[in-house]
Amino acid sequence: MTEPLRILILEDNPADAELVQFELGEAGIIFTSKVVMTEEDFIREIQEFCPNLILSDYDLPKYNGALALAEARRRRPDTPFILVTGAVTEDRAIDILTQGAKDYVLKNRLQQRLVPAVRRALAEAEEHRARKQAEEDLRKAHRDLESLVERRTTEMQTVLDTAPVAIWIAHDPECKLITGNAYADEMIMKTPRLGNISRSAAPCEAAVSYRVLHDGVELKPEEMPAQVATATGKPVKDMDVELVFSDGRHVHLIESAVPLFDSDGRVLGAVITGSDVSKLKQSENAFKHSEERQRLVLQASSMGTFEVDLLTGEGQWNATEFELLGLKPGDVNAGPDTFFRFVHPDDIEQLQDQWTEAIRSGKLDAEFRIVRADGQERWLAGKGQFFSDGKPEGNDSGTRGEPLRFMGVNFDITERKKAEEAVAAAQRQIQGIIDNSTAIIYALDLEERFLLANTALSRLLNSTPERMIGKRRHDFMPKQDADWHEANDRQVIEAGKALEFEEYSRLKDRSITWLTTKFPLRDAQGRIYAVAGISTDVSERRRAEEGSARE
């Protein structure tokens, strides 16, 4: 049931106050009212009664409508104020409207003017409230998205900076600019941070000089893993290479490269991982460089407002509503039929269904695409409300059980949609990089339940990454092995930093020796919420070392 309107009436003539209430009641407007005659009572009821509408006489014995309007604007600026007076000059009427009154009604024309003025003022107030709410909803959506992007970027940066493996990013399809993470620059290449190590770069642009051998044969630049991946659009996995530097150093790596694509499938560059097998450091984890370098600029869209008279089918749009469609005011007749001509063909049926549902529920909240008059495809969000007798209602309003008018706003959310797709694309690329690593990569929360498991780990445990999420090691491993691994996790949490372990497991009827680096993951407040690990199978290496020791 709709809550009655609260109307505050400032009037020193009881008969006039009764007449005002009579006219409103005769029009079917459901309300409760308070009648006051003095400034003191008026100020008190503004605060305590919290009116939805104020009706005020102009001339009172010790007070007047201009002062009452100023007080109402100060204490309840969103409450519509209508002057109801016996006589008023044109200059005074203009002055009171300029100060913020919604309308004025002469007492000798109450029957003709009061109810339309009240309905119009209430409708405008509701439109203003709906617009403010839509703007706040848009701001909140932007804040939520920015928070999500910031957290995911922080998490990925933490893993990237902590990872004890070399990770390089080729920033262009020709691989002329390749930069690495801290481990790659400081431990492998011995270059300044973010120096260009590409062998496809001009000699004057390269930060280091070195040769690359594969099976003892020097590779040409176009034969390097990154260049092959970007040229073919396919991953290059586990290539055994030897880097020979001008200072005489030799570094043996197992390199993999994964191409990066844009939304149209064009190659943007590549992510390369290098595991220093000369020090038993296997490659792992590379992350999408664009998320660390790009800045998502979310711009608030202009608001288009519209109103539809459901009895006549006529509509009204503001100038921004026309602009959203690539039009100028007056280019077309404003109305639902005209607007639907600009809706994307793939979204028309869904929007029509949402409109039908809105007629039943009283509210519209939709997101859809349009094709502007200039051919541009944009995303809009539409929010609106059905009204009857100046109040928002559902389908039980009006004399025939139907609403009388629809008012709403449209605003451009194209940039928000692009940002959401960018986040989703980033997640897909990151997951692809993780799943293409030959190392096992995982993260467990403080209750030792999996938050992340890559394909290499899930295959080893006869499962899938999706099935492992939320489960513990004990669900997949012998208890003794699982207890041991969890004890190492607790050491990392207590130390609050990355630690290296030699761990053992018996899986698939064989004993495995792991060289593992585990490190804490922290939230935005710096609290540890998980432990991540990167484990390299060094079983063959250990057996070879033991055999050499026995000899």
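Axes here are lines fitted to C-alpha atoms, for helices over the stretch in contact, and angles run from 0 to 180 degrees between N-to-C directions. The model is predicted.

Two packed helices are described by the angle between their axes and the distance between the axes. Helix α2 spans residues 39-48, and helix α3 spans residues 65-75. Their packing angle is about 25°, and the axes lie 11 Å apart. Angles under 35 degrees count as roughly parallel, so α2 and α3 are roughly parallel to each other. Their crossing is right-handed.

Which residues in α2 meet α3? They are F42, I43, I46 and Q47. On the α3 side, the partners are A68, E71, A72 and R75.

## The five-stranded sheet

Five strands form an open sheet in the order β2-β1-β3-β4-β5. The pairing is parallel. β2 (31-36) and β5 (103-106) stand at the edges. Each has a single partner strand, so one side of each is left without a neighbour in the sheet. On average, neighbouring strands of this sheet are turned by 20° against each other, direction ignored.

Strand β4 covers residues 81-85. Four bridges join β4 to β5, and the two run parallel. For I82, the bridge partner in β5 is D103.

## The largest nonpolar core

The largest nonpolar core has 27 residues. W168, I178, I188, M189, Y210 and L243 have the most contacts inside it. Two or more residues come from each of these elements: β6 (166-170), α6 (182-189), β8 (210-214), α7 (225-232), β10 (236-245), β11 (250-261) and β12 (267-276). β10 gives the most, with five residues.

What does I188 touch, not counting residues up to four places away in sequence? Its contacts are A166, W168, Y183, L243, F245, R249, V251, L253 and D276.

## I167 in strand β6

Strand β6 also holds I167. Is I167 buried or exposed? Its relative accessibility is 3%. Buried means under 20%, so I167 counts as buried.

I167 and G274 are 107 residues apart along the chain. Their C-alpha atoms are separated by 6.4 Å.

Technical notes. Residues numbered from 1 in each chain as written. Predicted model: local features only at pLDDT ≥ 70, side-chain atom pairs only at ≥ 80, totals over all residues. Heavy atoms only, no water. Core = buried A, V, L, I, M, F, W, Y, C linked by side-chain atoms within 4.5 Å. Buried < 20%, exposed > 50% of the residue type's maximum accessible area, 1.4 Å probe, protein only. Contact = heavy atoms within 4.5 Å. Pairing = 2+ DSSP bridges. Parallel < 35°, antiparallel > 145°, perpendicular 65-115°, else oblique. Left-handed = near helix turned anticlockwise from the far one by under 90°.
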